[in-house]
Amino acid sequence: MLRGLHAEQLRLRCRANANHSPGADFPPYLLYLKALPCSIRNLQQGIKALIFWTLLHFGLRQFPRHARTRIITAEEEAKLLAVCCRGKHRKHMRAVIIVAIETGMRRNEIRSVSWSNINFTDRVITVPQQFTKTLKTRLVPITDRLRSVLLDLRHKMRHDAVVFGPADFKTAWKGACRDAGVDDATFHDLRHTAITRMLEANIPDRLVMKISGHTQERTFMRYINQTKQSITDIARRLDQHAGELPAAILAPTTAPNVAPFPAPFTNTPKQTQTDRNQLKKQKSP
(Lines give C-alpha, C1' and ligand atoms only; values in the text may rest on other atoms or scores of the structure.)
Protein backbone atom coordinates (compact mmCIF):
# COMPACT_ATOMS: atom_id res chain seq x y z
CA MET A 1 0.00 0.00 0.00
CA LEU A 2 2.84 2.39 0.82
CA ARG A 3 5.16 1.34 -1.97
CA GLY A 4 6.48 4.31 -3.89
CA LEU A 5 5.08 6.95 -1.52
CA HIS A 6 7.25 10.06 -1.36
CA ALA A 7 7.83 12.52 1.47
CA GLU A 8 4.93 14.76 0.52
CA GLN A 9 2.44 11.89 0.71
CA LEU A 10 3.85 10.90 4.08
CA ARG A 11 3.45 14.43 5.38
CA LEU A 12 -0.14 14.67 4.18
CA ARG A 13 -1.17 11.33 5.66
CA CYS A 14 0.48 12.01 8.99
CA ARG A 15 -1.05 15.47 9.10
CA ALA A 16 -4.51 13.93 8.75
CA ASN A 17 -3.95 11.34 11.49
CA ALA A 18 -2.08 13.13 14.24
CA ASN A 19 -2.14 16.32 16.24
CA HIS A 20 0.91 18.27 15.14
CA SER A 21 0.82 20.99 17.75
CA PRO A 22 4.12 21.87 19.48
CA GLY A 23 5.03 19.12 21.88
CA ALA A 24 3.07 16.40 20.08
CA ASP A 25 4.62 13.01 19.39
CA PHE A 26 4.99 11.36 15.98
CA PRO A 27 3.84 7.74 16.38
CA PRO A 28 1.82 7.72 13.09
CA TYR A 29 4.78 9.14 11.19
CA LEU A 30 7.20 6.59 12.65
CA LEU A 31 4.82 3.78 11.77
CA TYR A 32 4.62 4.96 8.14
CA LEU A 33 8.40 5.18 7.92
CA LYS A 34 8.76 1.68 9.38
CA ALA A 35 6.27 0.26 6.86
CA LEU A 36 8.14 1.60 3.83
CA PRO A 37 10.03 -0.96 1.73
CA CYS A 38 13.79 -0.79 2.11
CA SER A 39 15.25 1.14 -0.81
CA ILE A 40 17.59 4.08 -1.39
CA ARG A 41 14.77 6.26 -2.75
CA ASN A 42 12.50 5.61 0.22
CA LEU A 43 15.42 6.21 2.58
CA GLN A 44 16.10 9.62 0.98
CA GLN A 45 12.43 10.59 1.09
CA GLY A 46 12.17 9.38 4.67
CA ILE A 47 15.11 11.56 5.73
CA LYS A 48 13.52 14.58 4.02
CA ALA A 49 10.24 13.93 5.79
CA LEU A 50 12.03 13.46 9.12
CA ILE A 51 13.80 16.81 8.76
CA PHE A 52 10.53 18.49 7.75
CA TRP A 53 8.61 17.17 10.75
CA THR A 54 11.46 17.98 13.14
CA LEU A 55 11.44 21.63 12.05
CA LEU A 56 7.64 21.66 12.21
CA HIS A 57 7.67 20.11 15.67
CA PHE A 58 9.82 22.89 17.13
CA GLY A 59 7.95 25.65 15.32
CA LEU A 60 10.82 26.44 12.93
CA ARG A 61 8.76 25.84 9.81
CA GLN A 62 5.15 26.02 8.69
CA PHE A 63 3.25 24.25 5.95
CA PRO A 64 3.86 26.05 2.64
CA ARG A 65 0.86 27.81 1.14
CA HIS A 66 1.41 28.41 -2.53
CA ALA A 67 -1.67 29.56 -4.41
CA ARG A 68 -1.03 28.17 -7.89
CA THR A 69 -3.60 29.10 -10.53
CA ARG A 70 -2.13 27.40 -13.62
CA ILE A 71 -4.56 25.38 -15.73
CA ILE A 72 -4.13 23.47 -18.99
CA THR A 73 -5.89 25.03 -21.97
CA ALA A 74 -7.64 23.03 -24.67
CA GLU A 75 -4.82 23.76 -27.12
CA GLU A 76 -2.18 22.58 -24.65
CA GLU A 77 -4.19 19.45 -23.91
CA ALA A 78 -4.37 18.61 -27.62
CA LYS A 79 -0.59 19.06 -27.95
CA LEU A 80 0.12 16.82 -24.97
CA LEU A 81 -2.15 14.04 -26.22
CA ALA A 82 -0.61 14.24 -29.69
CA VAL A 83 2.90 13.94 -28.27
CA CYS A 84 1.92 10.92 -26.16
CA CYS A 85 0.68 9.05 -29.25
CA ARG A 86 4.00 9.28 -31.11
CA GLY A 87 6.06 6.68 -29.26
CA LYS A 88 5.34 3.44 -27.42
CA HIS A 89 7.32 4.49 -24.35
CA ARG A 90 4.89 7.35 -23.69
CA LYS A 91 1.65 5.86 -24.97
CA HIS A 92 0.36 5.14 -21.46
CA MET A 93 0.58 8.85 -20.62
CA ARG A 94 -2.30 9.64 -22.96
CA ALA A 95 -4.68 7.59 -20.83
CA VAL A 96 -3.18 8.99 -17.62
CA ILE A 97 -3.70 12.59 -18.77
CA ILE A 98 -7.30 11.89 -19.80
CA VAL A 99 -8.05 10.24 -16.45
CA ALA A 100 -6.57 13.18 -14.54
CA ILE A 101 -8.26 15.90 -16.60
CA GLU A 102 -11.65 14.17 -16.61
CA THR A 103 -11.82 13.18 -12.94
CA GLY A 104 -9.51 15.55 -11.05
CA MET A 105 -7.88 12.62 -9.26
CA ARG A 106 -4.48 13.06 -7.67
CA ARG A 107 -1.43 11.34 -9.06
CA ASN A 108 -1.14 8.78 -6.27
CA GLU A 109 -4.86 8.01 -6.54
CA ILE A 110 -4.53 7.31 -10.27
CA ARG A 111 -1.59 5.01 -9.66
CA SER A 112 -3.45 3.08 -6.96
CA VAL A 113 -6.84 2.48 -8.60
CA SER A 114 -7.44 -1.10 -9.76
CA TRP A 115 -9.99 -2.46 -12.22
CA SER A 116 -12.11 -3.75 -9.35
CA ASN A 117 -12.69 -0.11 -8.34
CA ILE A 118 -14.16 0.79 -11.75
CA ASN A 119 -17.85 0.19 -12.43
CA PHE A 120 -18.56 0.62 -16.14
CA THR A 121 -22.28 -0.06 -15.69
CA ASP A 122 -22.87 2.78 -13.22
CA ARG A 123 -19.99 4.80 -14.71
CA VAL A 124 -18.34 5.35 -11.34
CA ILE A 125 -14.77 5.02 -10.05
CA THR A 126 -14.44 4.26 -6.34
CA VAL A 127 -11.27 5.74 -4.87
CA PRO A 128 -10.35 3.66 -1.76
CA GLN A 129 -9.80 5.59 1.44
CA GLN A 130 -6.27 4.31 1.99
CA PHE A 131 -5.12 6.06 -1.18
CA THR A 132 -6.86 9.43 -0.67
CA LYS A 133 -5.40 12.50 0.99
CA THR A 134 -8.27 12.79 3.47
CA LEU A 135 -8.44 9.02 4.08
CA LYS A 136 -12.10 8.97 2.99
CA THR A 137 -13.60 6.89 0.19
CA ARG A 138 -15.16 8.93 -2.61
CA LEU A 139 -16.87 8.37 -5.96
CA VAL A 140 -15.68 9.86 -9.26
CA PRO A 141 -17.83 9.96 -12.44
CA ILE A 142 -16.76 8.38 -15.73
CA THR A 143 -17.33 10.50 -18.82
CA ASP A 144 -17.76 9.14 -22.35
CA ARG A 145 -14.18 9.92 -23.33
CA LEU A 146 -12.82 8.38 -20.14
CA ARG A 147 -14.97 5.28 -20.58
CA SER A 148 -13.66 4.77 -24.11
CA VAL A 149 -10.04 5.06 -22.95
CA LEU A 150 -10.52 2.66 -20.04
CA LEU A 151 -12.27 0.07 -22.20
CA ASP A 152 -9.29 0.08 -24.59
CA LEU A 153 -7.04 -0.86 -21.67
CA ARG A 154 -9.44 -3.23 -19.95
CA HIS A 155 -9.05 -6.30 -22.14
CA LYS A 156 -5.30 -6.42 -21.55
CA MET A 157 -5.30 -6.82 -17.75
CA ARG A 158 -6.73 -8.91 -14.93
CA HIS A 159 -9.78 -7.84 -12.98
CA ASP A 160 -7.83 -7.21 -9.77
CA ALA A 161 -4.81 -5.61 -11.44
CA VAL A 162 -3.82 -1.97 -11.02
CA VAL A 163 -4.83 0.11 -14.02
CA PHE A 164 -1.56 2.00 -14.52
CA GLY A 165 0.80 0.08 -12.27
CA PRO A 166 2.91 1.31 -9.36
CA ALA A 167 5.52 3.02 -11.56
CA ASP A 168 5.71 6.80 -11.22
CA PHE A 169 5.11 8.79 -14.43
CA LYS A 170 6.70 12.06 -13.36
CA THR A 171 9.53 11.73 -15.89
CA ALA A 172 7.13 10.87 -18.72
CA TRP A 173 5.01 13.92 -17.88
CA LYS A 174 8.00 16.27 -17.96
CA GLY A 175 9.13 14.81 -21.28
CA ALA A 176 5.66 15.21 -22.79
CA CYS A 177 5.47 18.83 -21.67
CA ARG A 178 8.91 19.52 -23.10
CA ASP A 179 8.13 17.98 -26.50
CA ALA A 180 4.70 19.64 -26.66
CA GLY A 181 6.07 23.07 -25.80
CA VAL A 182 3.92 23.41 -22.67
CA ASP A 183 5.83 25.51 -20.15
CA ASP A 184 5.35 25.86 -16.40
CA ALA A 185 2.96 22.91 -16.13
CA THR A 186 2.86 20.35 -13.35
CA PHE A 187 0.83 17.17 -13.23
CA HIS A 188 -1.26 18.65 -10.42
CA ASP A 189 -2.37 21.39 -12.84
CA LEU A 190 -4.54 18.74 -14.51
CA ARG A 191 -6.50 18.55 -11.26
CA HIS A 192 -6.95 22.34 -11.31
CA THR A 193 -8.16 22.08 -14.89
CA ALA A 194 -10.66 19.32 -14.11
CA ILE A 195 -12.21 21.23 -11.20
CA THR A 196 -12.37 24.44 -13.22
CA ARG A 197 -14.17 22.66 -16.07
CA MET A 198 -16.65 21.07 -13.67
CA LEU A 199 -17.53 24.48 -12.28
CA GLU A 200 -17.81 25.95 -15.78
CA ALA A 201 -20.28 23.14 -16.55
CA ASN A 202 -22.53 24.59 -13.80
CA ILE A 203 -22.03 21.63 -11.46
CA PRO A 204 -22.80 22.75 -7.87
CA ASP A 205 -19.77 23.69 -5.79
CA ARG A 206 -20.60 21.25 -2.99
CA LEU A 207 -20.88 18.36 -5.41
CA VAL A 208 -17.55 19.25 -7.03
CA MET A 209 -15.98 19.27 -3.57
CA LYS A 210 -17.29 15.75 -3.00
CA ILE A 211 -15.89 14.57 -6.32
CA SER A 212 -12.49 16.22 -5.82
CA GLY A 213 -12.21 15.13 -2.20
CA HIS A 214 -11.99 18.57 -0.62
CA THR A 215 -13.28 18.92 2.93
CA GLN A 216 -12.44 22.60 3.47
CA GLU A 217 -13.92 25.35 1.34
CA ARG A 218 -10.84 27.50 1.78
CA THR A 219 -8.68 24.88 0.10
CA PHE A 220 -11.27 24.30 -2.59
CA MET A 221 -11.33 28.01 -3.49
CA ARG A 222 -7.71 27.79 -4.63
CA TYR A 223 -8.83 25.46 -7.42
CA ILE A 224 -11.38 27.90 -8.82
CA ASN A 225 -9.41 29.54 -11.61
CA GLN A 226 -10.37 32.00 -14.33
CA THR A 227 -9.87 31.34 -18.01
CA LYS A 228 -10.16 33.65 -21.00
CA GLN A 229 -13.19 31.69 -22.16
CA SER A 230 -14.91 32.03 -18.79
CA ILE A 231 -14.31 35.79 -18.75
CA THR A 232 -15.69 36.06 -22.30
CA ASP A 233 -18.78 34.08 -21.27
CA ILE A 234 -19.31 36.41 -18.33
CA ALA A 235 -19.17 39.41 -20.66
CA ARG A 236 -21.79 37.80 -22.91
CA ARG A 237 -24.04 37.04 -19.97
CA LEU A 238 -23.76 40.65 -18.78
CA ASP A 239 -24.69 41.85 -22.27
CA GLN A 240 -27.65 39.49 -22.29
CA HIS A 241 -28.75 40.75 -18.89
CA ALA A 242 -28.30 44.34 -19.99
CA GLY A 243 -30.65 43.71 -22.92
CA GLU A 244 -33.40 42.86 -20.44
CA LEU A 245 -33.09 46.17 -18.56
CA PRO A 246 -35.40 49.15 -19.28
CA ALA A 247 -34.34 51.32 -22.19
CA ALA A 248 -34.22 54.43 -20.00
CA ILE A 249 -31.39 52.97 -17.96
CA LEU A 250 -29.31 52.09 -21.02
CA ALA A 251 -30.01 55.36 -22.91
CA PRO A 252 -26.89 57.53 -23.21
CA THR A 253 -27.03 60.78 -21.25
CA THR A 254 -25.38 64.08 -22.14
CA ALA A 255 -23.04 65.39 -19.52
CA PRO A 256 -23.46 69.04 -18.42
CA ASN A 257 -21.01 71.61 -19.69
CA VAL A 258 -18.78 71.84 -16.65
CA ALA A 259 -15.12 72.44 -16.23
CA PRO A 260 -13.01 69.32 -16.03
CA PHE A 261 -11.90 68.14 -12.65
CA PRO A 262 -9.31 68.73 -11.43
CA ALA A 263 -8.97 72.20 -12.95
CA PRO A 264 -5.84 72.84 -14.96
CA PHE A 265 -3.01 74.40 -13.01
CA THR A 266 -2.27 78.03 -13.83
CA ASN A 267 0.95 79.69 -12.84
CA THR A 268 -0.26 83.01 -11.44
CA PRO A 269 2.35 85.65 -10.54
CA LYS A 270 3.08 86.12 -6.86
CA GLN A 271 1.61 89.25 -5.29
CA THR A 272 4.03 91.69 -3.70
CA GLN A 273 3.43 93.94 -0.71
CA THR A 274 2.92 96.91 -3.03
CA ASP A 275 0.15 95.09 -4.91
CA ARG A 276 -1.60 94.23 -1.68
CA ASN A 277 -1.46 97.86 -0.51
CA GLN A 278 -3.01 99.03 -3.77
CA LEU A 279 -5.86 96.52 -3.41
CA LYS A 280 -6.60 97.79 0.09
CA LYS A 281 -6.78 101.39 -1.18
CA GLN A 282 -9.20 100.40 -3.93
CA LYS A 283 -11.52 98.61 -1.46
CA SER A 284 -11.50 101.46 1.06
CA PRO A 285 -14.24 104.13 0.48
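This dialogue goes through one predicted model, from the whole chain down to single residues.

User: What should I know before reading the model?

Analyst: Residues are numbered from 1 along each chain as its sequence is written, and side-chain values use heavy atoms, with hydrogens and water left out. In this predicted model, local features need pLDDT of at least 70 and side-chain atom pairs count only at pLDDT 80 or more, while totals for chains, interfaces and linings use all residues.

User: How many helices and strands does the secondary structure come to?

Analyst: Helices (H or I, at least four residues) and strands (E, at least two) are DSSP runs, numbered from the N terminus. This chain has 14 helices and three strands.

User: What percentage of the chain do buried residues make up?

Analyst: Buried means under 20% relative accessible area, exposed over 50%, and partly exposed in between (1.4 Å probe, protein chains only). Of the 285 residues in the chain, 38% are buried.

User: In what order do the strands form the sheet?

Analyst: Two strands pair if DSSP finds at least two bridges between them. Here the three strands make an open sheet in the order E1-E2-E3, with antiparallel pairing. E1 and E3 are the edge strands, each pairing on one side only. E1 and E2 are joined by two bridges, and Asn119 stands opposite Val124 in E2. E2 and E3 pair over four bridges, with Thr126 opposite Leu139 in E3.

User: Which residues of helix H7 are buried?

Analyst: H7 covers residues 144-154, and its buried residues are Leu146, Val149, Leu150 and Leu153. They lie on the same side of H7 because they cover an arc of only 95 degrees around the axis. That arc is taken from the directions from the helix axis to the C-beta atoms. The buried residues of H7 pack against helix H5 (91-103) and strands E1 (118-119), E2 (124-127) and E3 (138-141).

User: At what angle do the axes of H5 and H7 cross?

Analyst: Axes are lines fitted to C-alpha atoms, for helices over the stretch in contact, and angles run from 0 to 180 degrees between N-to-C directions. The axes of H5 and H7 come within 10 Å and cross at roughly 145 degrees. Contact means heavy atoms within 4.5 Å. On the H5 side, the contact residues include Arg94, Ile98 and Glu102; on the H7 side, they include Arg145 and Leu146. The residues of this contact divide into eight nonpolar, one polar and three charged. Ala, Val, Leu, Ile, Met, Phe, Trp, Tyr, Cys and Pro count as nonpolar, Asp, Glu, Lys and Arg as charged, and the others, Gly among them, as polar.

User: Where is Leu81 placed?

Analyst: Leu81 is in helix H4 (residues 74-84). Leu81 is buried, with a relative accessible area of 12%. Leaving aside neighbours within four places in sequence, Leu81 is in contact with Arg94, Ile97, Ile98 and Arg145. Leu81 and Arg94 are 13 residues apart in sequence and 5.5 Å apart in space, C-alpha to C-alpha.
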